[in-house]
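Thank you all for coming; I would like to take a few minutes to walk through one model with you. Please have the sequence and the structure open while I talk.

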Amino acid sequence: MTGVWGALRTRAADGASLRLPLAVWAVTRVVLLLFVLKVVVMPGPDVTSDVEEIYQGWYEVLRTGTYPLDDVSWQYPPGAALAILSPALLPFLGYSSAFFVLALLCDAVVFGLLLYTGRRPGRTPRGTWIWIAGVPLLGPTAYARYDLMVTAVAVAALLAAPRRPTVLGALAGFGAVVKVWPVLLLAGTPRGRATLRSWSTAAGAAAGLLLLCTLAAPGALAFLTYQRDRGTEVESLGALVFHVARYVGWEGEPRMNYGSIEFLGPGVPAVSTAAMALTAAVFAWLLLWRVRARAFSTTTPADAAFVAVLLFTTTSRVISPQYMIWLVGLAAVCLVYRASRMRRPAILVLWATAVTQLEFPIWFSHVTDSDPLGLTLLLVRNGLLVAASVSACRVLWRQTVSEPRAGTPATPVRPERAKTLSAP
């Protein structure tokens, strides 16, 4: 009888532990839908215009059997066409409504995966709560861009990584042809068989999808030229130079260029080049870490992917608001592991996401005017990203390079996973 009562209490506790995250997720997502459907209007620019005008325009062009060759704002890999065409799956809805519903479904998939994984041994619900909080902190922008769809692919890939490196590779390769950055999910795969299987599968999946896209429609690779010609976007780290320079008589100004508000004027090419050099330095550091790493634990693939995407985002010439959803998703995967030490950089990313909603869309006019409020918002947001990057790099280096060299044991790998995760 005691055993029966104990089982009932355990089941009741499990039900209670599920109800709270489900309730909070549902309420916050209803609020997001109210914003993107314009039942409630968010101050600032209309964040849904990209879906209603740009995405839908691309949709009409793609349906004719070609990529948007005459639109320089088409700066995405050819697989992005799948996301743009996805509202056709819901023909009973208008384009925008269908897109928002699909974004909600992808959000629900990520939530479900994190919730399920967080209840397994050695896991924790912290990752689920990072996702529950992070998406509404970004605001309606999260549902008004296709980045949430790509993030769902990335989260699924990383959660599969410990046991199924081929699934990680297939999803990373697929995601790379849709948005490029998911290729960084492979940064932390353990040396040996896991790396061979995941990297080769990713290359095969990416090559296959790229070939299909190239054969299906002309202009699949036009995005390479348009992306190369981009400048310094007003929200990026390098843009702070020009925000301050406007106070001392700099002659340039922010204008719509290649699909975003960028600074145009003297010195912009030099700052853009410096940003690309900084990104190259980040890549070199990741290569050095990969060579020097001595221990790969269960958390390493997620931690390394988070660090890589965080570094490339922070140093990019463009930091669009929707990029934050990538970081939220990867931070959530890190914290789903009880042994992860990425709590501080994950919290810093959450704060940066909250400030991002303030600078876009709420007070974006202050950002483009480079007034004190706009400059303060950018300094805080980009400062938080820099702090998160430094903190995350230190954690990753210490856990995989410094401590193993000093004889500190790494996080143990469960026996059934040792063959997949062990380093030579």
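Predicted model: local features only at pLDDT ≥ 70, side-chain atom pairs only at ≥ 80, totals over all residues.

Residues are numbered from 1 along each chain as its sequence is written, and side-chain values use heavy atoms, with hydrogens and water left out.

Let me begin with the sheet, which is open, has three strands in the order E1-E3-E2, and is paired in the antiparallel sense. When I say strand or helix, I mean a DSSP run, numbered from the N terminus, of at least two residues (E) for a strand and at least four (H or I) for a helix; two strands pair if DSSP finds at least two bridges between them. Strand E1, at 232-233, and strand E2, at 253-257, are the edge strands, each pairing on one side only. E2 runs antiparallel to strand E3, residues 260-264, and five bridges join the two, with Glu 253 standing opposite Leu 264 in E3. The hairpin that E2 and E3 form has two residues between the strands, and there Tyr 258 takes a positive phi near 55°.

Now to helix H16, which spans residues 372-406 and contains Ser 391. Is Ser 391 buried or exposed? Ser 391 counts as buried because its relative accessibility is 14%, where buried means under 20% relative accessible area, exposed over 50%, and partly exposed in between, with a 1.4 Å probe and protein chains only. Leaving aside residues up to four places away in sequence, Ser 391 touches Arg 344 and Pro 345, contact meaning heavy atoms within 4.5 Å. Gly 383 is also found in helix H16, but this glycine, at 34%, counts as partly exposed. The C-alpha atoms of Gly 383 and Leu 237 are separated by 8.7 Å, although the two residues are 146 apart along the chain.

Finally, the cysteines: how many disulfides are there? Taking a disulfide as a pair of cysteine sulfur atoms within 2.5 Å, the count comes to zero. For Cys 106, the nearest cysteine sulfur is that of Cys 213, 18 Å away; for Cys 393, it is that of Cys 334, 12 Å away. Cys 393 is buried, with a relative accessible area of 12%.
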